[in-house]
Structures are given as C-alpha cells and as structure tokens.
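Hi everyone, thanks for coming. Let's take a few minutes to walk through the inside of this protein together.

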Amino acid sequence: MTMHKAVRVSVEAMLEDLRTLVEVESPSRDLDALRASAEAVAAVIESRLGGPAVLVESAAGPHVHWSAGGDPKVLILGHHDTVFPLGTLERRPFRVEDGHATGPGVFDMLGGLVQAIHGLAALDDLSGVEILVNADEEVGSRSSRALIEERALACGAVLVFEGAADGGGLKTGRKGCGTFQVSIAGRASHAGLEPEAGVNALVEAAHQVLDIAALGRPDIGTTVTPTVASAGTLDNVVPAEATVIVDVRVESAEEKERIESAFAALAPHLDEAEIAVEGAVGRPPMPESTSTELFAVARKLLPGLEGKAVGGGSDGNFTAALGVPTLDGLGAVGGGAHADHEYLVVDAMAERANLVTGLVKAVQKGTAHESE
C-alpha cells in the first residue's frame, strides 16, 4: 500500500475554505461566535461532501455532525472553537505568505478540518464515514464528551485532526491531563497589631505548593505543576483566602488514580486552616497501543512518517481510553498553537489530505488491521 498517485485535491480550494473558517472567529464559550462558526463549518462540509451537516445544540455551543450513511466505520474528529478572543482577526488577519498560512486557528485546528474534508471529497465512496466537530475542546469538552464517546464506539476507529507533531509527525500517544484548584481558607487579622490572631492562608498555600509539587514523578511521565496562585487583599492584612491552580499530566491510569487520591488527601499544616480541592485528570491517557494499527497503515501510505507521544491532550484521549483505535495529529503541519506566531505549511496540505483519503479507504476495506 502506497500513497495514491492521483492528487485530486486543490490547495487553492483548501485555502479558500480555510480563509472562510478563520474569518469566522470562534472563541470558546462565546455562544454567538460559536454558532456562526458551526454554521460555517457545516456549510463547508455540505459544499464539499454533500448531504446535511447537523448542528447538535449544547450548553457550550453547537457541535457539527455529518454522516455519509451506511454501517459506521470511521469517525473524523475535530473542534471548531479556538483560544483567541474576538478581535484577534483584526490584529492578525488570514494571510498566505512565504509558504505559510497564518491567522487565528489555522494550525489548531481549522487547517486540519479543511484537509480532512478535502481528503474525504477525493473518495468515490464515503459510506461508513462520520464527522464530528465539537465546540468546546479547548475548554475540556464537557458538553461533547458523551457524544464523542458514543460515535467513537459506534464507528470503531477514530482519526483526530489536531495539528501535527513537530516535523509533521503523527501523535501516537498522549498524556492524560487535568487541572486542580486548591482553595485555602484562613482568618484575617491586622498584620501589625495582632498577626497571631490570624490564620495566614498565604503561608498555608506555600506549604501546599511544596507538597503538591512533590507529587510529580517525571521519571514515569507524571508532571504536577502549580501554575497560578492568588492570595490576600491588602498589604497590612493577614490573608484569609488563597487559591492555587495546578496542571497535571500522567501517562497511565494508575498514575491518574494516585494523583487524584493524593489531591483528595491534602491536609492543612496550620491550625484552623481549611482546604478544599476541586478538579480531576479529566482527559485520561491515550496509550500508544491504541494507535498501533492505524499508524502502521499511515506509514505504508507515507513512508518515513514519524509517530510521537506528546504531553498535550485532545479528544482522542477520550476515544482511546474506550479502547477504540485512535490516531491523532493528522491535521495541519505547522506550529505555534495558541500563540501569535501560529502557522500552517501550505506545501504539506495536499499530502495530508491524500493521507486522509488513504487511511479512510483502508478502514472502509477493513485492511487497517494488517501488519506493516
């Protein structure tokens, strides 16, 4: 199996569709913007693939679902929300210069959506193909997780169109990730007249930060990183409240359980201080074993393609945790996700679209399980 020689995708047409999507800004949690974005995604799908794309209403904004009909075999998974606030487009408009397309969301992950749609359009038979584009991936996929898991189980294979790994590699494994918030309640008092009458929430927070950081096990891929802290009101008042926010990444279900248990067991160091913990490792790890078969097919289609396990999470974590074969990083080649220098490599677009065509065809024919 090798990459089909007939390149039936138009880079110009892909860039036209990419411009359309980028110019409809879609910050997470902005319901009006997300509705406009969902409608734009649905229109692109319908114009390139035919048939209706359904908007699935949710508290986080509309998700987009399209099905070619027939026995479900493969789920094309992506998201249309972005991290950039309204107005970013005015400051950083869509441009194509020096082989790069730039603009908010080109790499994460509107470029991947466009490549997927055009790769599918090159197929003569789309039976068994479904597309699901959710509106809340950047904020945890809380409203879409159940739908994602339902369609993944129904289809039995998932292709995720998040941006490629460095150098254009596919993402064959991901860490589980989550956020915890540790809230500390103390007691205020005058810092000069009677500091001993207070319970210093900031001092307690300092103890907790050290305890929390010590939970990390980088030797086995577990990182526990306090990232945001706040405390106090005035410079002459013993702080009555403090908050610490912590980013957690794990590679195994066992570590997920250990970390969650450790946060639940956090105890105060100061008398009368109180601690409350919220959060969890919301995205379970995506083990590399779930991508093995699909990655082998991708390597046949595009020899030399690399696979990498990465620290960031995606909706592929949810589908892989169910045991559904999942391959991620099939989207745009580029970089700068969530940053002002975000870009997409234009010359890679046709190759990636053709990779979609070959992968879906292999899944449809039931050859994705064959060894490399």
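Let me start with a term: I call a residue buried when its relative accessible area is under 20%, exposed when it is over 50%, and partly exposed in between, using a 1.4 Å probe and protein chains only. This is a predicted model, where local features need pLDDT of at least 70, side-chain atom pairs count only at pLDDT 80 or more, and totals for chains, interfaces and linings use all residues. Residues are numbered from 1 along each chain as its sequence is written, and side-chain values use heavy atoms, with hydrogens and water left out.

So, the cysteines. Cys177 is buried, at 12% relative accessible area, and Cys155 is buried too, at 7%. How many disulfides does the whole structure have? Zero, taking a disulfide as two cysteine sulfur atoms within 2.5 Å.

Cys155 belongs to helix H5, residues 145-155; helices here are DSSP runs of H or I with at least four residues, strands are E runs of at least two, and both are numbered from the N terminus. Other buried residues of H5 include Leu147, Ile148 and Glu149. Among the elements covering them are strand E1 (53-56) and helix H9 (316-321). After H5 comes Gly156, with a positive phi near 90 degrees.

Now the nonpolar cores, meaning buried Ala, Val, Leu, Ile, Met, Phe, Trp, Tyr and Cys joined through side-chain atoms within 4.5 Å. The largest has 60 residues, and Leu18, Leu120 and Leu159 have the most contacts inside it. Helix H1 (11-22) and helix H4 (106-121) are among the elements that each supply at least two of its residues. Apart from this core lies another of 18 residues, including Ile212 and Phe263.

Note on methods:
Contact means heavy atoms within 4.5 Å.
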